[in-house]
Amino acid sequence: MTRRLTFLLVTVFTIFQLDAQNILWPESPVNTGTNSTYLVQTANFNNTDVFFGYTLGAFYTNDDGELTCGGFQVWNGIQTSISVMADDSTTDEKDGFTSGEEITWLAYGAVSGETYEASVEYTLGPTGMGSSIFSANGINIISEFSISSTIYGPVVPGCTNTEACNYNENATEDDD
């Protein structure tokens, strides 16, 4: 009975994730033919283990300077892998990571409908491997995918002092 309930909850949250995702999160990632694999062992939200309800993703900066998803996977509480796609040479536009480009990690919360900032830690030691610097055909082991409570959004400079005459309620970063 417990397994059925868990399966039902995971299925419902997965459906909500696919239906409610914003423009950062495509229905399916582009397959450019070349990738790097990131094996995720555990995930947490504010240092509390999570077992479902999040999509974990790797993002690159496209030709327009916007973050674009280069690979994602729904987290279901078990070890999973994310195929992070490389840019291909068959198209003019940038549709994946270039060698040496840093990965921006984000997570989408199905319940909140928000995208959160995230960070990763790689397995250390003699068998440890991993880097957030993209390298095609790499294998990376993420020991911990940490989802922050900070909601991801573009930086909007402006006055954040509510008592100032030039207060900007949309500002996310004070520009003095």
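Q: Let's start with the largest cavity. How do the residues of its lining divide into nonpolar, polar and charged?
A: The lining has five nonpolar residues, two polar ones and one charged one. Here Ala, Val, Leu, Ile, Met, Phe, Trp, Tyr, Cys and Pro count as nonpolar, Asp, Glu, Lys and Arg as charged, and the others, Gly among them, as polar. Keep in mind that this is a predicted model: local features need pLDDT of at least 70, side-chain atom pairs count only at pLDDT 80 or more, and totals for chains, interfaces and linings use all residues. Residues are numbered from 1 along each chain as its sequence is written, and side-chain values use heavy atoms, with hydrogens and water left out.

Q: Thanks! Which residues line the largest cavity?
A: They are Pro29, Val30, Tyr60, Cys69, Gly70, Gly71, Met85 and Asp95. A cavity is a set of points on a 1 Å grid over the protein atoms alone where a 1.4 Å probe fits but cannot get out, and lining residues have an atom within 4 Å of a point.

Q: And what volume does the largest cavity have?
A: About 30 Å³. A volume is the space filled by probe spheres set on the points, with grid points joined across faces, edges and corners. Searching the whole structure finds one cavity of 30 Å³ or more.

Q: Which strand gives the most to that lining?
A: Strand 5 does, with three residues. Strands are DSSP runs of E with at least two residues, helices are runs of H or I with at least four, and both are numbered from the N terminus.

Q: Switching to the largest pocket: how much space lies in it?
A: About 170 Å³. A pocket is an open set of grid points with protein on both sides within 12 Å along at least five of seven lines.

Q: What lines the largest pocket?
A: Ile23, Leu24, Pro26, Ser28, Pro29, Val30, Tyr60, Leu67, Thr68, Cys69 and Asp95 do. By class, that gives eight nonpolar, two polar and one charged residues. Strand 5, residues 67-75, gives the most to this lining too, with three residues.

Q: Where is Ile23, then?
A: Ile23 sits in the loop between helix 1 (2-20) and strand 1 (35-40). Its C-alpha atom is separated by 9.6 Å from that of Cys69, and the two residues are 46 apart along the chain.

Q: Is Ile23 buried or exposed?
A: Ile23 counts as exposed because its relative accessibility is 86%. The cut-offs are under 20% relative accessible area for buried, over 50% for exposed and partly exposed in between, with a 1.4 Å probe and protein chains only.

Q: Which strands does strand 4 pair with?
A: Strand 4 pairs with strand 5 in the antiparallel sense over eight bridges, and with strand 7 (residues 104-109), again antiparallel, over six bridges. Two strands pair if DSSP finds at least two bridges between them. For example, Thr55 has Val74 of strand 5 as its bridge partner, while Gly57 is bridged to Leu106 in strand 7.

Q: How many residues of strand 4 are buried?
A: Seven of its eight residues, so strand 4 (residues 54-61) is mostly covered by the under 20% cut-off.

Q: What about the hairpin of strand 4 and strand 5, how many residues lie between the strands?
A: Five residues, and in that hairpin Gly65 takes a positive phi near 80 degrees.

Q: Which residues other than glycine have a positive phi?
A: Asn47 is one of them, with a phi of about 70 degrees, and Asn137 is another, with a phi near 65 degrees. Asn47 is in the loop between strand 2 (43-45) and strand 3 (48-49), and Asn137 lies in the loop between strand 8 and strand 9. Asn47 counts as exposed at 71% relative accessibility, and Asn137 counts as exposed at 63%.

Q: New topic: which side chains meet in a salt bridge?
A: Those of Glu101 and Lys94, at 2.7 Å, N to O. A salt bridge is a side-chain nitrogen of Lys or Arg within 4 Å of a carboxyl oxygen of Asp or Glu. Both Glu101 and Lys94 are buried, and a search of the whole structure finds one salt bridge.

Q: Last one: how many helices and strands does the protein have?
A: It comes to one helix and 11 strands. Of its 176 residues, 36% are buried.
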